[in-house]
Amino acid sequence: MGRITARTRVTRITVGGAASRREDHLAVEEPLEIRVGGRRLAVTMRTPGHDVDLATGFLVSEGIVSRGDQVAAAIHCGTPGENTYNVLDVGLAPGVPAPDASAERNFTVTSSCGVCGKASIDAVRTRSGYDVAGDDLRLDPARLAGFPDRLRAGQAIFERTGGLHAAALFDGRTGELLVLREDVGRHNAVDKVVGWAAREGRLPLGGTVLQVSGRASFELAQKATMAGIPVLAAVSAPSSLAVEHAAASGLTLVGFLRGDSMVVYAGAQRLPAPSDAEAYSAAALQAEAS
């Protein structure tokens with residue numbers, strides 16, 4: 001397994017103060033070549049660790065597989081006598097079609113881009129086999145508001161480096177944290193979460209919430225629907241295409257989830273809030289009691 005963090009000497013400068021030399025920790029970024037049946041499918045820049053989950057989640061996101069048991073094996077490989085753990089060959093189960101040659105990414109997927117290298121605009125949009133719109137989850141906004149702090153508390157590597165994104169999967173009905181993953185790429189963190197769920201036989205992920213540490217891009221919204229996740233929540237803003245995709249697919253999309261406030265961009269029916277009349281009555285009763 002490759003390193004997750006690296007050490008380096010840095011110079012810390014404070015305006016008006018003295019400079020000091022000290023050791024600092026960095027999040028490792030290395031390429032992972034994902035192969036299917038020995039043929040290269042994509043190269044992504046990632047933080048080493050949970051590579052099989054990453055590759056499996058990537059295959060789910062691309063629509064190549066829809067269940068964990070459709071992946072029969074995965075093995076790191078390299079040159080004779082050396083294994084850098086930066087090449088992962090995935091074997092599909094019998095009867096699962098190999099990805100079309102047009103699915104191969106034309107160049108390296110950077111840590112900031114999860115759809116780079118797609119051959120056409122149509123190829124960017126992948127249809128999910130799961131009915132996200134039909135998911136009957138109803139989520140207490142107060143419970144959702146607590147997820148970012150729990151995500152942040154679980155970011156052990158971010159605590160050391162300050163340089164990683166994170167994604168976590170929560171049970172929307174009980175609030176249980178199911179899994180949390182970190183990576184230099186926000187899309188990789190989500191793929192690691194989805195891949196874990198696929199390998200655990202949990203797809204589709206009905207009744208769950210995907211909480212992410214940054215913004216909600218189109219690629220993250222699409223990855224959520226490809227896994228059957230009904231709610232995507234982000235601490236920052238969504239993109240216009242993410243909102244469009246959420247509205248079209250039935251995904252509940254929440255942005256600017258900070259403290260006790262949030263902005264719901266699509267699927268507000270899953271977050272029932274008291275009406276103005278109910279809120280007024282509750283406030284009046286509280287005032288009378290005091």
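Which residue stands opposite Val-209 in E10? The points below give the answer within its setting.

1. This is a predicted model, in which local features need pLDDT of at least 70 and side-chain atom pairs count only at pLDDT 80 or more, while totals for chains, interfaces and linings use all residues. Residues are numbered from 1 along each chain as its sequence is written, and side-chain values use heavy atoms, with hydrogens and water left out.

2. Six strands form an open sheet in the order E8-E7-E9-E10-E11-E12, with mixed pairing. Strands (E, at least two residues) and helices (H or I, at least four) are DSSP runs numbered from the N terminus, and two strands pair if DSSP finds at least two bridges between them. The edges are strand E8 (177-183) and strand E12 (261-266); each has a single partner strand, so one side of each is left without a neighbour in the sheet.

3. Strand E9 (residues 208-212) and strand E10 (residues 231-234) run parallel and are joined by four bridges. The residue opposite Val-209 is Val-231 in E10.

4. Helix H6 (residues 186-199) lies across strand E7 (165-171), E8 and E9, where contact means heavy atoms within 4.5 Å. H6 runs at about 145° to E8; axes are lines fitted to C-alpha atoms, for helices over the stretch in contact, and angles run from 0 to 180 degrees between N-to-C directions.
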